[in-house]
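Please look through the sequence and the model below, and then read the report that follows.

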Amino acid sequence: MKPLVLITPSFERGRLIVRREYLQALQEGGLLPWPISIEGIEEVESYCQQAQGLVLSGGGDVDPIYYHQQPHAALGEVDPERDRLDFAVLAQALQRKMPVLAICRGLQVLNIARGGTLIQDIPRQKPSALRHQQKSPRWHKSHNIDIVERSQLHQIYRNGTGQVNSFHHQAIDRLGKGLQAVAHSADGIVEAIEGQGESFIMAVQWHPEDLFRNDQEAKALFRLFAEACKQYKRCIFSQNGEA
Ligand SMILES: [Mn+2]
């Protein structure tokens, strides 16, 4: 049985948007992706009961009210329904110690959920930073990252450095509780975080789903998440005495 993993979509004019690259990357990692809509918000607990992992996908900006700030002039598009869904499903997943893979916006949602804050617009609030909104194709790797040695991510990037794509104008400012920054770009922007507890919580500021076809590290990231989801399933079964 392949593990079912919930994935949050974006909402555009009455449609759910999940880019195919997410579904392909998760399927190739041995997982069955299961998009969850705002229509399921009352059922978030039931969805989580049946899932073995959660993917928070990319998307627009989180409403800064969630981290007690007023909107900066350069804040991008905000979708209150998406915010509500993402925080509701993440809270359930964390409570259940379900494996979480958070991508781009997802990393920011995770950080805020743990009490952290964001730089609302990198170019204006940190003018010396690199370009993090690349204007090259999504599969192109535009900047380097350095990976912290004692981290799960370092199991993938064994020589401590890597190259990633970059499509974000926001970034972590204050880190949330129970999280560790495990990768940075040369300008000091946080590019990946992990949970410090025993459950699998991995978040990256780049888009591995757009790289995985030609990038061994991106493939390995989805495999690592898939492995955590499989372990989570076994754990549930043994708790119920059904294993
Ligand atoms: Mn970046």
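A residue is called buried when its relative accessible area is under 20%, exposed when that area is over 50%, and partly exposed in between, as found with a 1.4 Å probe on protein chains only. The model is predicted, so that local features need a pLDDT of at least 70 and side-chain atom pairs count only at pLDDT 80 or more, while totals for chains, interfaces and linings use all residues. Residues are numbered from 1 along each chain as its sequence is written, and side-chain values use heavy atoms, with hydrogens and water left out. Helices (H or I, at least four residues) and strands (E, at least two) are DSSP runs, numbered from the N terminus.

**The manganese site**

Donors are N, O and S atoms within 2.8 Å of the metal (3.2 Å for Na, K and Ca), and sites may look incomplete because water is not among the atoms. The manganese ion is coordinated by H132 through ND1, H143 through NE2, S166 through OG, H168 through NE2 and E191 through OE, at 2.2 to 2.3 Å. Along the sequence, these donor residues follow the spacing H-x10-H-x22-S-x1-H-x22-E. Since H143 lies in strand β8 and S166 in the loop between β9 (161–164) and β10 (171–172), this pair ties together parts that are 23 residues apart in sequence. Both H143 and S166 are buried.

**Charged pairs**

A salt bridge is a side-chain nitrogen of Lys or Arg within 4 Å of a carboxyl oxygen of Asp or Glu, and by this rule the count comes to 11. Three of them are set out here.

| Salt bridge | N to O distance | Accessibility of the partners |
|---|---|---|
| R19 and E21 | 3.4 Å | R19 26%, E21 30% |
| D121 and R124 | 3.7 Å | D121 6%, R124 55% |
| R138 and D210 | 2.9 Å | R138 32%, D210 11% |

In the R138 and D210 salt bridge, distant parts of the chain are linked, with R138 in the loop between α5 (122–125) and β8 (143–147), D210 in the loop between β13 (201–204) and α7 (216–239), and 72 residues separating the two. R138 is partly exposed, whereas D210 counts as buried. A network of salt bridges links R19, E21, R138, E209 and D210.

What does R138 lie over? A charge sits over a ring if NZ of Lys or CZ of Arg is within 6 Å of the ring centre and within 35 degrees of the ring normal, and R138 lies over the face of F167, at 4.3 Å from the ring centre.

**Aromatic pairs**

Rings of Phe, Tyr and Trp (its six-membered ring) pair if their centres lie within 6.5 Å, and planes under 30 degrees apart count as stacked, over 60 as edge-to-face and the rest as tilted. The structure holds 5 aromatic pairs. One of them joins Y157 and W206 edge-to-face, at 6.3 Å centre to centre and with 90 degrees between the planes. Because Y157 lies in the loop between α6 (153–156) and β9 and W206 in the loop between β13 and α7, the pair ties together parts that are 49 residues apart in sequence. Y157 counts as buried at 4% relative accessibility, and W206 counts as buried at 1%.

Another edge-to-face pair is formed by F212 and F222, at 6.4 Å centre to centre and with 70 degrees between the planes. Here F212 lies in the loop between β13 and α7 and F222 in helix α7, so the pair ties together parts that are 10 residues apart in sequence. F212 is buried at 3% relative accessibility, and F222 is buried with a relative accessible area of 4%.

**Nonpolar cores**

A nonpolar core is a set of buried Ala, Val, Leu, Ile, Met, Phe, Trp, Tyr and Cys residues joined through side-chain atoms within 4.5 Å. The largest nonpolar core has 34 residues, of which L54, L56, V89, L90, M98, L110 and I193 touch the most other members. Among the elements that give two or more residues to this core are α2 (44–50), β5 (53–56) and β12 (190–195), while α3 gives the most, with 6 residues. Contact means heavy atoms within 4.5 Å, and L56, leaving aside its neighbours within four places in sequence, is in contact with residues including T8, D86, V89, L90 and L101. Apart from this core lies another, of 33 residues, among them L31, Y157, W206 and A218.

In helix α7, L221 is buried with a relative accessible area of 2%. Not counting residues up to four places away in sequence, L221 touches L153, I156, M202, V204 and P208. The C-alpha atoms of L221 and L153 are separated by 7.9 Å, although these residues are 68 residues apart along the chain.
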